[in-house]
Amino acid sequence: MSIGHSDAASILPIKEHVEYKELDPDIEFGGPEARNKLERKLVRKLDLHMSILVLIYILNYIDRINVSSVRSELTTDLRLEGQQYPTLLSIFHVGYIIMQVPSNMFLNYIGKPSLYLPACMVIWGVISALTGITTSFTGALLTRFSLGFVEAAFFPGAVFLISKWYKRTELGFRLAILYCGNIISNAFGALIASGILANMNNDLGHAAWRWLFYIEGALTISVATIAVFILPDFPTNTKWLSDDERRLALKRMEEDAGVGDQSETEHGSRGHGFYLAITDWKHCPLLSTFPLLLRRLGTSPTMTLLLVAPPFVFATIVAFTMTRHSDRTQERFYHMSASNVVAIIGFIISMCTMNTAARYLSLFLVAQTYAGIMLLVAWISTSFPRPPSKRAVCFSLINALQQLGSIAGSYVWPLNWGPTYRYSYAICLAASCTTIIMSWIFRQHLKTLNKKLEEEEQEKGIKEKGIRYLL
């Protein structure tokens, strides 16, 4: 039987109880065994509710990338010329960059992700469907910008939500599960597109590529309605938690970072977290257009979309394995760098040969780099633990800046660089090398901070090792 706050307060003056509580910090949950049982139940419940984030991310990314699946049809019907199609790709990321930081600051302020994220989802579903009625470059440009502006709320918001519930030893694997929504969307989004493009052309007088936007937009809106009743809020205000589960959820976060994750570390105005984020230098892209790359292998449009799936299925398996091992060993840099090194090998293969089998194999090597991206996300989340307002800004700011690479990436695959695309692969190779170098610098800085923490503990005579940054 658990002890409530009023009961605990009534026994605090009694010395025996104080000493016993110090010896057994889990007494409020009925002892270590009862706490472990309750914790397993809590984590299972969280995993079940959080699982809908994967489905949302699948739809989030499908709505984002479906324009690449219908490039030829879109270019023909809208009479796109020159750099207009790459501009449609890049303008999405402009809106995405602008909104990420304000969105996460607002989410941290209202504390209701179960309402905020589905609301944004409904809006981007409507915008995605409206893309199907555009008849000009200008209309498509406006819908793409608006889509990026609204979709910006989801990924940084989802990562922030997960970081409010899971410990460092759990975070990497959970973020891998979330990010698998991205990988699955690349695989099965192409399969959905191939089915619609092959079977729905001129149905009810609409081109097949328009039906793709209608159907996927409607599906997004439907899932958003369900998500309202499934998504959790933060530990302090989630309604479906028992009192014991709520206290344990808060205690887990306090034990993981040495301080609570609510108002304990919040000082100053609502914008103080933004100030802390931009004054912390610790926050110093690899997005390939797979349908375009596979089209260069000489396959038909439908077969091109079908061949997208296997590399991303492989990437999912690698991601689960690598993030799980990283969580167990509590190491990030070498795991992440190993993924980038494998991707570099893939880029080199593509630069050196036009053999179809070799180039398709290289796509498997490149796709698995998603594991490295997931580990980077987990590393960021645990490197800026408190206050939560700072963590919300830090992650959204870093993720927003990463999208600058996506804007440039829209122009890295010009048709006149084909069919070899050696220059394109060289740029990706250089980006991967830069990622490894910058990650190593970040690791060395965290290593220095850990040494300072250890020296402070020695000066104060503290024998028990405290919280350290993960390397």
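Visitor: What am I looking at, and how are the residues numbered?
Guide: Residues are numbered from 1 along each chain as its sequence is written. The model is predicted, so local features need pLDDT of at least 70 and side-chain atom pairs count only at pLDDT 80 or more, while totals for chains, interfaces and linings use all residues, and side-chain values use heavy atoms, leaving out hydrogens and water.

Visitor: How many helices and strands does the chain have?
Guide: There are 21 helices and zero strands. Both are DSSP runs numbered from the N terminus: helices are H or I with at least four residues, strands are E with at least two.

Visitor: And how much of it is buried?
Guide: Of the 471 residues, 53% count as buried. Buried means under 20% relative accessible area, exposed means over 50%, and partly exposed is in between (1.4 Å probe, protein chains only).

Visitor: What about helix α19, how many of its residues are buried?
Guide: In α19, 13 of the 14 residues are buried. The helix covers residues 370–383, and its end C-alpha atoms are 20 Å apart, which agrees with the 20 Å it should span at 1.5 Å a residue. That expected span is 1.5 Å times one less than the number of residues.

Visitor: Switching topic: which residues form the positive patch?
Guide: K37, R40, K41 and R44 do. Patch residues have over 30% relative accessible area and no salt bridge; like charges are joined within 9 Å, nonpolar side chains (Val, Leu, Ile, Met, Phe, Trp, Tyr) within 5 Å. A salt bridge is a side-chain nitrogen of Lys or Arg within 4 Å of a carboxyl oxygen of Asp or Glu. Lys and Arg count as positive, Asp and Glu as negative, with His and the chain ends not counted. Each charge is placed at NZ of Lys, CZ of Arg, CG of Asp or CD of Glu.

Visitor: Where is K41?
Guide: K41 sits in helix α3, residues 32–50, and is partly exposed at 44% relative accessible area.

Visitor: Which residues make the nonpolar patch?
Guide: V122, V126, L130 and I133, with about 300 Å² of accessible area together. Accessible areas come from the Shrake-Rupley method with a 1.4 Å probe; for residues, only the protein chains shown count as cover. L130 belongs to helix α7, residues 113–131, and is partly exposed at 41%.

Visitor: And A218, where is that?
Guide: In helix α11, residues 208–227. The C-alpha atoms of A218 and A129 are separated by 7.0 Å, though the two are 89 residues apart along the chain.
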